[in-house]
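Work through these exercises with the model open. Each task is followed by a stepwise solution.

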Amino acid sequence: MNQQFYIGIMSGTSMDGADAVLIAMNGTQWQGALAHAFVPYSGSLKTRLLDLQNHGDKELHRSQMLAIELSEIYAQVVQQLLREQQMQPENITAIGCHGQTVRHAPECGYSIQLANLSVLAERTGIFTIGDFRSRDLAAGGQGAPLVPAFHQALFAAPDETRVVLNIGGIANISILPPDGEPFGFDTGAGNMLMDAWTQHIWQQAYDKNGEKAAQGRVLPELLAQLKTHEYFRLPYPKSTGRELFSLTWLQTHLHSDENPHDVLRTLAQFTAETIADAIVQAAPNTQNIYVCGGGMSNNTLIGSLKTLLAVENMALHSTDVLQLNPQWVEAAAFAWLAACWVNRVPSNPHKATGAARPLILGAGYYA
């Protein structure tokens, strides 16, 4: 067996920190996820990243300085992982680094993930692969979602269509038919609006376990208004980001006298209903849905989602039952994409992204 080790790094739309996952591969054959490390972002870093969502003074300079700062954090999480596993840089074939998305504009042919991959390779001494979205965009794709091919490789079943649901800042689904190519799309906001509202009202990063949302009630009029967003009428493939589902957008639908807990509960229901609607529309015969991402810990959101899916005779499970920790899935996917790059295997799920053809994703930076 020719076993190789890869490290995947993911920092998602929630901008809470950098996850790293160590995986083992034999060529392109998955052998397992072995370990995880996490380094949180400071409040200052998150604020400066969010500031890049808007045009401002010295924007280009700030973005490049942030890319360097992020890459130092990515190097830190890699070094932490190696230290905990008592491994050396030379034991790792490659790092797959997603970078931090600050702007996603597939309609203009670009998506910006901040990372200075040369700095990461230099600090770690490990061959580094990144810029995974650009090649797909160049071929007419959305550059997202990139994970359906990974989900297919790990989670597909020979006798049923399965759905893998990731609830990060954005929620996205991968549909895995037993006899066809995987496809998927972003369903809309995941934790992003709930996090933004919690930060705005209570100055807390997120609603732990959905406890604040549980104290509120759904506001039917607000929920109906939010669901009229044109994104939900677009055909897939499609992808989205903070540009569409922002705190500013939410506030245009508020009267300023709403109970904050009610708004938060409504946002949880909004995420749950738009996810359920997307699954029912795209994969109506699905019986089993496997969920991963930070939204797993929001009991109010997951409770609403289970109720909605039960009506459609669909069951919700954690990816734990498929032998992968739900908090590890996204970072593991970019380690797997790095293995595909090293082995020169196309990895873009072009049916999901809308790209013209299968492609090898990413660019390599030698240590």
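**Exercise 1.** Which residues form one aromatic cluster?

*Solution.* The model is predicted. The cluster consists of Tyr-231, Phe-232, Phe-245, Trp-249 and Phe-270.

Step 1. Take one pair from it. Phe-232 and Phe-270 lie 5.7 Å apart, centre to centre, with 85 degrees between their planes. Edge-to-face requires over 60 degrees, so this pair is edge-to-face.

Step 2. Phe-232 is in the loop between α8 (220–226) and α9 (247–251), and Phe-270 is in helix α10 (residues 260–282). The pair links distant parts of the chain, 38 residues apart.

Step 3. Check accessibility. Phe-232 has 21% relative accessibility and counts as partly exposed. Phe-270, at 1%, counts as buried. The cut-off for buried is under 20%.

Step 4. Look for a charge. Lys-238 lies over the face of Tyr-231, 4.5 Å from the ring centre.

**Exercise 2.** Classify the pair Phe-127 and Tyr-366, and state what it ties together.

*Solution.* The count of aromatic pairs comes to 14.

Step 1. In the pair Phe-127 and Tyr-366, the ring centres are 4.7 Å apart and the planes meet at 45 degrees, so the pair is tilted.

Step 2. Phe-127 lies in the loop between α3 (117–124) and β6 (128–130), while Tyr-366 lies in the segment after β12 (363–365). The pair therefore ties together parts that are 239 residues apart in sequence.

Step 3. Phe-127 is buried, at 12% relative accessible area. Tyr-366 is exposed, at 71%.

**Exercise 3.** Which residues of helix α6 (residues 192–202) are buried, and what covers them?

*Solution.* Step 1. The buried residues are Met-192, Leu-193, Met-194, Asp-195, Ala-196, Trp-197 and Thr-198.

Step 1. Their cover includes the strands β8 (170–176) and β9 (183–189). It also includes the helices α9, α10 and α11 (299–311).

Step 2. Now inspect the end of the helix. The charged end of Lys-212 sits over the ring of Trp-202, 5.5 Å from its centre. Just after α6, Gln-203 takes a positive phi of about 55 degrees.

**Exercise 4.** How many residues line the second largest pocket, and which lie nearest its centre?

*Solution.* Step 1. The lining has 14 residues. Pro-106, Glu-107, Ser-239, Thr-240 and Leu-244 lie nearest the centre.

Step 1. Sort the lining by type. Six residues are nonpolar, five polar and three charged.

Definitions and conventions
Residues are numbered from 1 along each chain as its sequence is written. This is a predicted model: local features need pLDDT of at least 70, side-chain atom pairs count only at pLDDT 80 or more; totals for chains, interfaces and linings use all residues. Side-chain values use heavy atoms; hydrogens and water are left out. On a 1 Å grid over the protein atoms alone, a cavity is a set of points where a 1.4 Å probe fits but cannot get out, and a pocket is an open set with protein on both sides within 12 Å along at least five of seven lines; lining residues have an atom within 4 Å of a point. Ala, Val, Leu, Ile, Met, Phe, Trp, Tyr, Cys and Pro count as nonpolar, Asp, Glu, Lys and Arg as charged, and the others, Gly among them, as polar. Rings of Phe, Tyr and Trp (its six-membered ring) pair if their centres lie within 6.5 Å; planes under 30 degrees apart count as stacked, over 60 as edge-to-face and the rest as tilted. Helices (H or I, at least four residues) and strands (E, at least two) are DSSP runs, numbered from the N terminus. Buried means under 20% relative accessible area, exposed over 50%, partly exposed in between (1.4 Å probe, protein chains only). A charge sits over a ring if NZ of Lys or CZ of Arg is within 6 Å of the ring centre and within 35 degrees of the ring normal. Contact means heavy atoms within 4.5 Å.
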